[in-house]
Amino acid sequence: PYTYVSTWEGWLNVAFVLDVYSRVIVGWQIASHLRTELVLDAIEMAIWRRDTSGGLTSHSDAGCQFTSYRYTQRLADAGL
């Protein structure tokens, strides 16, 4: 999922990866931009924190970052 928050410095974009089974946020990233790197960094943290060898399922909204080629390719490379 993705959201944005207002800070004293301006708006920040937040992407996070939620483990639905445990309800724990396993990956997140905050940035002032809305580029693909925002969600790629969040998914990298999630992959690092979780064992993906058994295969996982990824669900996301249809936002432009989550439908980018680089994001879907990274999920495929990780077997997600």
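Alanine 15 is buried in this predicted model, because its relative accessible area is 1%, and a residue counts as buried when that value is under 20%. Alanine 15 belongs to strand β2, which covers residues 10-19.

Let me now turn to the chain as a whole. The chain contains 2 helices and 3 strands, and from the N terminus their order is β-β-β-α-α. There are 80 residues in the chain, and 30% of them count as buried. If we consider the contacts in the chain with a separation of 6 or more, 39% are made by residues 24 or more positions apart. The accessible surface of the chain is about 5600 Å². Carbon and sulfur atoms account for 57% of that surface.

I come next to the aromatic rings. How many aromatic pairs does a search of the whole structure find? The search finds 1. This pair joins tyrosine 4 and tryptophan 11, whose ring centres are 5.3 Å apart. Their planes stand at 70°, so the pair is edge-to-face, since an angle over 60 degrees falls into that class. Tyrosine 4 has a relative accessible area of 48% and is therefore partly exposed, whereas tryptophan 11, at 56% relative accessibility, counts as exposed.

The surface also carries a nonpolar patch, formed by Leu18, Val20, Ile25, Trp28 and Ile30. Together these residues have about 480 Å² of accessible area. Which element gives the largest share of the patch? Strand β3, residues 24-31, contributes 3 residues. Is valine 20 buried or exposed? Valine 20 is exposed, because its relative accessible area is 65%, and the exposed class begins over 50%.

Finally, let us look at helix α1. Helix α1 spans residues 36-49, which is 14 residues. From its first C-alpha to its last, helix α1 reaches 20 Å, close to the 20 Å expected at 1.5 Å a residue. The buried residues of α1 are Thr36, Leu38, Val39, Leu40, Ala42, Ile43, Ala46 and Ile47. An α-helix has 3.6 residues a turn, so residues three or four places apart point the same way. With that in mind, one may follow Val39, Ile43, Ala46 and Ile47, which are among the buried residues of α1.

Conventions. Residues are numbered from 1 along each chain as its sequence is written. This is a predicted model: local features need pLDDT of at least 70, side-chain atom pairs count only at pLDDT 80 or more; totals for chains, interfaces and linings use all residues. Side-chain values use heavy atoms; hydrogens and water are left out. Helices (H or I, at least four residues) and strands (E, at least two) are DSSP runs, numbered from the N terminus. Buried means under 20% relative accessible area, exposed over 50%, partly exposed in between (1.4 Å probe, protein chains only). Contact means heavy atoms within 4.5 Å. Accessible areas come from the Shrake-Rupley method with a 1.4 Å probe; for residues, only the protein chains shown count as cover. Rings of Phe, Tyr and Trp (its six-membered ring) pair if their centres lie within 6.5 Å; planes under 30 degrees apart count as stacked, over 60 as edge-to-face and the rest as tilted. The expected span of a helix is 1.5 Å times one less than its number of residues. Patches are made of residues with over 30% relative accessible area and no salt bridge: like charges are joined within 9 Å, nonpolar side chains (Val, Leu, Ile, Met, Phe, Trp, Tyr) within 5 Å. A salt bridge is a side-chain nitrogen of Lys or Arg within 4 Å of a carboxyl oxygen of Asp or Glu.
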